[in-house]
Amino acid sequence: MPEFFTVAKVGDIPEGEGRAFEFNDQMVAVFNDNGVYRAIDDMCPHMGASLASGHLEESVVTCPWHSWSFDTRDGTWCENRRLTIDVFAVRVVGDEIQIATVEKPDDEPKAASDPSDAEEKNCGCSGSSCKSQPADPPNSEQENG
Ligand code: FES
């Protein structure tokens, strides 16, 4: 069972925005996504910008420096879904927003690479700001019969 810690109060994070909080010696970006709170690593793996100050649209945050996009629901980098950043469990207890570390089966940090290295372009996120949105649904080539 993860141990939750209070990082903010309801009302501290305006709807559609994020704020960065220190948690376990790292900065965590907590977003208010239409009343749903989500938390990811605040540090963009490209060059270290604070993702909390990025533009949030349809659960996807776009880094304010060079526009890399991450799905706040699962930490997926929209240019290559095999690269993820840390995601934290979030709960609201009373008026307190609490986060906890999520255990991962593979705890090895995954290094970011240049976007041109991306082999996979369909992140599956629904953010309209996501540059990897496929023109057609990923399963559009299913055989009939
Ligand atoms: S620092 Fe985030 S995209 Fe460059």
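Two residues are in contact here if their C-beta atoms, placed from the backbone, lie within 7 Å. With that in hand, take the contacts in the chain between residues at least 6 apart in sequence: 50% of them join residues at least 24 apart.

This is a predicted model, in which local features need pLDDT of at least 70, side-chain atom pairs count only at pLDDT 80 or more, and totals for chains, interfaces and linings use all residues. Residues are numbered from 1 along each chain as its sequence is written.

View 1. Helices (H or I, at least four residues) and strands (E, at least two) are DSSP runs, numbered from the N terminus. Of the 145 residues, 32% count as buried. For that label, a residue needs 20 or more other C-beta atoms within 10 Å of its own; 12 or fewer makes it exposed, anything in between partly exposed, and the C-beta atoms are placed from the backbone.

View 2. Two strands pair if DSSP finds at least two bridges between them.

View 3. Strand 2 (residues 18–23) runs antiparallel to strand 3, with 6 bridges between the two. Look for G18, whose bridge partner in strand 3 is F31, and for R19, which stands opposite V30. The hairpin leaves 2 residues between its strands, and N24 in the turn has a positive phi of about 50 degrees.

**View 4. Two loop residues have positive phi.** N34 sits in the loop between strand 3 (26–33) and strand 4 (36–41). Its phi is near 55 degrees, a positive value in a residue other than glycine. N34 counts as exposed because it has 10 C-beta neighbours inside 10 Å. E58 lies in the loop between strand 5 (55–57) and strand 6 (60–62), and its phi is near 50 degrees, also positive in a residue other than glycine. E58 has 14 C-beta neighbours inside 10 Å, so it counts as partly exposed.

**View 5. Here is the largest nonpolar core.** It has 27 residues, and those with the most contacts inside it are V28, A29, V30, A39, I40, L51 and F70. Strand 3, strand 4, strand 6, strand 10 (87–93) and strand 11 (96–101) each supply at least two of its residues, and the largest share, 4 residues, comes from strand 3. Such a core is a set of buried Ala, Val, Leu, Ile, Met, Phe, Trp, Tyr and Cys residues joined through C-beta atoms within 7 Å. Zoom in on L51: not counting residues up to four places away in sequence, L51 touches G18, A29, I40, D42, C44, V61, C63 and F70.

View 6. The mean pLDDT (the predictor's confidence in each residue, from 0 to 100) is 82 for the chain, and 72% of the residues reach 70 or more. Over residues 113–121 pLDDT stays under 50, and the model has 10 contacts beyond four places in sequence for them. Residues 133–145 are also below 50, with 2 contacts beyond near neighbours in sequence.
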